[in-house]
Each structure stands twice: as C-alpha cells, then as structure tokens.
Amino acid sequence: MSENLSAAEAAPTAVEAVIIGAGPVGLFQIFELGLLGINAHIVDSLAQAGGQCTELYPDKPIYDIPALPICGAQELIDRLLEQAKPFNATFHLGQEVTELKALEGGKFHLATAAGTRLIAGAVVIAGGVGSFQARRLALPGVEDFEGRSVHYRVKSASDFHGRDLLICGGGDSALDWTVALCEKARSLTLLHRRAEFRAAPATVARMRELVSAGKMQVLEANATGLRRDGDTLKGLDVHTADGRDLALPAEHVLAFYGLHPKLGPIADWGMELEKRALKVDTEKFQTSIPGIFAIGDINTYPGKKKLILSGFHEAALAAFAIQHHLFPEKRQFLQYTTTSPIMQKRLGVAVAGSH
Ligand SMILES: Cc1cc2nc3c(=O)[nH]c(=O)nc-3n(C[C@H](O)[C@H](O)[C@H](O)COP(=O)(O)OP(=O)(O)OC[C@H]3O[C@@H](n4cnc5c(N)ncnc54)[C@H](O)[C@@H]3O)c2cc1C
C-alpha cells in the first residue's frame, strides 16, 4: 500500500505516446511509431505481452498473417517483440490502466492500478476485448479472503509450502500448480466439477500418478460455500458428483477458473462507444476525443473485421495521425524502410549502399 502510494505521489513521467494494451496490435504500434521517430510507453494488465495470442491460444497456429504461411500465436508475439526491439519502448506490465484524463493544453494523464502515472502527448488504446481478469470463486464472502487465503494466481510458490491446499479447476494452470506444489504442500486436494481435464495430457497423467502414490487426492465436486472461523479461512464445503456434501479443510484455496476480458475502465473515459467498442474514423483511427486513438479489436467502424491483419493496418495509419497530432507543423513523407536512411538508422540496421 505504502509502495503504491509513494509511486502515485511521485511526479508523472512525460512521454510522447502511450499504448494501452500489449497484444499483437499494440506491439506493432510500437514499431510503426518508432519508424516515425516517436517513442512509446506500453501498459498491460497482464504480466506478459501478447494479449489474446499469449493468454488464450499460445500453441495454436495462425494461417492468415501475410508472408507467414503458418505461425504459432506465441511465435507471432515473439516476432513482434523482436521487431519492436530497436525502438526501446518502456513496458509497464501487470498494471491495469484505471484512469485516463484529458488535461488543459491537449495532453493526457494516465494512471495505473499499480501507481504508475504518465503524461502523454497522444494515447493509443489497443485494449482488445478488454483487460483480462481472473474468474473469481463465486461464493458469498469470498472477498474477505481474496489475496490472503483465496488466490487466483501464484505470486510466490513458497507461500504454499507446508500448507493445506485446495486447488480448484481443470485447465493447465490448475494442473501445473497441482503438480508443482503437491510434494511441497502439507496436503493437497484438486477439485474439479468434471472427470475430464482440459490440461496437457502429460500433466494430467502426472497428477494421477501422485494420486495413486497417496500424495494428494482429486475430487469431482463443486464448491458450495466457504468454511471460516471469523477472519480465518478453514476450507470449503463441496457437493460431489456422486451426491455427497463434504467439508474439506484448507488454509489456502487456489482457484484457476481462467480469465475473462473486462472492458472495465475504458468504458468510463468519455469516448463514444458502439456495442462496447470505441468508434473511430478510418483515416486516423481516432476516437471521439482528439489525441486518443484506438486500434485492433477494441475499435469499430463500418466494415470492421476483428483480425490481427486489420489491426496492423490500423497501427500504420494511426502512427501517421499521431505524428501529425504531436508535430502539426512537420511535413509528412511516406518513406520506405528499404531505402530510407533515417528509418534504417532508427532500426539500427546498416544503411543500404553505405559501404
Ligand atoms: C482462439 C482464437 C483464435 C484466433 N485466431 C486468429 C487468426 O487465426 N487470425 C487472426 O487474425 N485473428 C485471430 N484471432 C483474433 C486475434 O487474436 C485478435 O484479433 C487479436 O488478438 C487482437 O489484438 P489486439 O492487440 O487488438 O487485442 P488483444 O490481443 O485482446 O490484447 C489487448 C490487451 O490489452 C490489455 N488491456 C485491455 N484493457 C486494459 C487496461 N485498461 N489496462 C491495461 N491493459 C489493458 C489486455 O490485457 C490485453 O493484453 C483469434 C482469437 C482467438 C480467441
């Protein structure tokens, strides 16, 4: 708390442009701005860059990225990060942007839940379908324990060593943490509403081995209530698939029910919305607030298609519009990376014909 406060009280950092959302389209925006000599800061509520590609389908192949007949979703993100590297963007990850306000004089004040504050000349919202939030354990009173004894992610695995744990869920996160913590915990029960698991088969097999070895138990059941003694979590009440009501003791509950996107604060920043997307024009991809641009899945305009390819095009045109917004007196030229010495200098590559 005091850390957040002191960060919030520090003077905000002045930046040329800030990108909200480090999905594929936000990452390409770093590159397009960089080519025009504009430095960017980029913020994402997730702990890593990649948006939907990394969070929802990292191992799946994508077939409609130009010139890449097949590209893994995580591979695409890795390539975009590599391509953007020469432009040294500053990444603020694991921070939801909670506030965006226009200031007198045309600049913007942006604040994150972690206390970072930026003053930007232009803002690009590349927020996709919204910021990803963990699905919560839907039990009355759960908010009293969240972050203390009910967890949706593991910050430090050692916090759970020697403890009685209940892990809920049937996907990769639930199974990975079950296997990782099983021999470190005092006791571990995995709770899943169905007999089938969605996690990697090898991890499911390992979990079954641990059950056979008597090191943990797995239960097909739904959580129905929290067991508490005042402020202390005592475990969960569960209803099993074969009709029993059980009280399961635990000191910590780790619930991995996946993530869901939340448009959240973006909807409160005063820009015109249509069907939960930001309305933009197709010349600049500017929202109803001049100086705030929106690209990728978050925007809408006649004919919009939510494809990565469309987002890349939008990032290229938005970059020119941002350059004009920041430096209205500057004449704009279209330059090719193949032949432009200044772009090649910015990219850090040898200037063609210079040796
Ligand atoms: C299973 C699946 C398969 C797909 N396959 C294809 C395909 O083959 N080809 C194709 O073109 N498209 C495909 N798509 C769609 C593609 O993934 C999206 O079009 C693309 O991810 C959009 O990129 P984006 O950068 O606009 O947004 P996203 O990838 O959604 O990233 C947005 C980021 O913004 C962050 N964010 C939002 N709000 C805030 C906030 N307030 N503060 C901080 N951060 C915030 C989010 O955390 C997120 O990381 C697929 C999608 C899915 C789910």
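Q: How do you know that the span of α2 agrees with its 12 residues?
A: At 1.5 Å a residue, the 12 residues of α2 should span 16 Å, and in this predicted model the end C-alpha atoms of α2 lie 17 Å apart, which agrees with that expectation.

Q: Why is α2 described as largely enclosed by the rest of the structure?
A: A residue counts as buried when its relative accessible area is under 20%, and 12 of the 12 residues of α2 are buried, so the helix is largely enclosed. Among these buried residues are P24, F28, F31 and L35. Just after α2, G37 takes a positive phi of about 85°.

Q: What makes the buried residues of α4 belong to the same side of that helix?
A: The buried residues of α4 are A73, L76, I77, L80 and A84. They cover an arc of only 100° around the axis, which puts them on the same side of α4. What covers these residues includes α2, together with α3 (51-56), β3 (61-62), β4 (71-72) and α7 (308-326). Helix α4 itself runs over residues 73-84, and its reach of 17 Å from first to last C-alpha is close to the 16 Å expected at 1.5 Å a residue.

Q: How confident is the predictor in the protein chain, and where is the pLDDT below 50?
A: The mean pLDDT of the protein chain is 93, on a scale from 0 to 100, and 96% of the residues reach 70 or more. Over residues 1-8, however, the pLDDT is below 50, and this stretch has 7 contacts in the model beyond near neighbours in sequence.

Q: Why are β10 and β15 said to stand at the edges of their sheet?
A: The open sheet has 7 strands in the order β10-β16-β11-β12-β13-β14-β15, with mixed pairing. Both β10 (150-151) and β15 (245-249) have a single partner strand, so one side of each is left without a neighbour in the sheet.

Q: What makes β12 and β13 count as paired strands?
A: Pairing requires at least two bridges between two strands, and β12 (residues 187-192) and β13 (residues 217-229) pair in the parallel sense over 4 bridges. One of the residue pairs joins H192 to its bridge partner E220 in β13.

Q: Why is the contact between D242 and R244 called a salt bridge?
A: The cut-off is 4 Å between the side-chain nitrogen and the carboxyl oxygen, and the closest N and O atoms of D242 and R244 are 3.1 Å apart, so the pair meets the definition. With a relative accessible area of 55%, D242 is exposed, whereas R244, at 41%, counts as partly exposed.

Q: Which other residues form salt bridges?
A: The structure holds 17 salt bridges. Among them, R194 is joined to E196, with the closest N and O atoms 3.3 Å apart, and K279 is joined to E272 at 3.4 Å. R163, D164, R186 and E251 are linked in a network of salt bridges.

Notes. Residues numbered from 1 in each chain as written. Predicted model: local features only at pLDDT ≥ 70, side-chain atom pairs only at ≥ 80, totals over all residues. Heavy atoms only, no water. Contact = heavy atoms within 4.5 Å. Helix = DSSP H or I, 4+ residues; strand = E, 2+ residues; numbered from the N terminus. Expected span 1.5 Å × (residues − 1). Buried < 20%, exposed > 50% of the residue type's maximum accessible area, 1.4 Å probe, protein only. Arc of directions from axis to C-beta.
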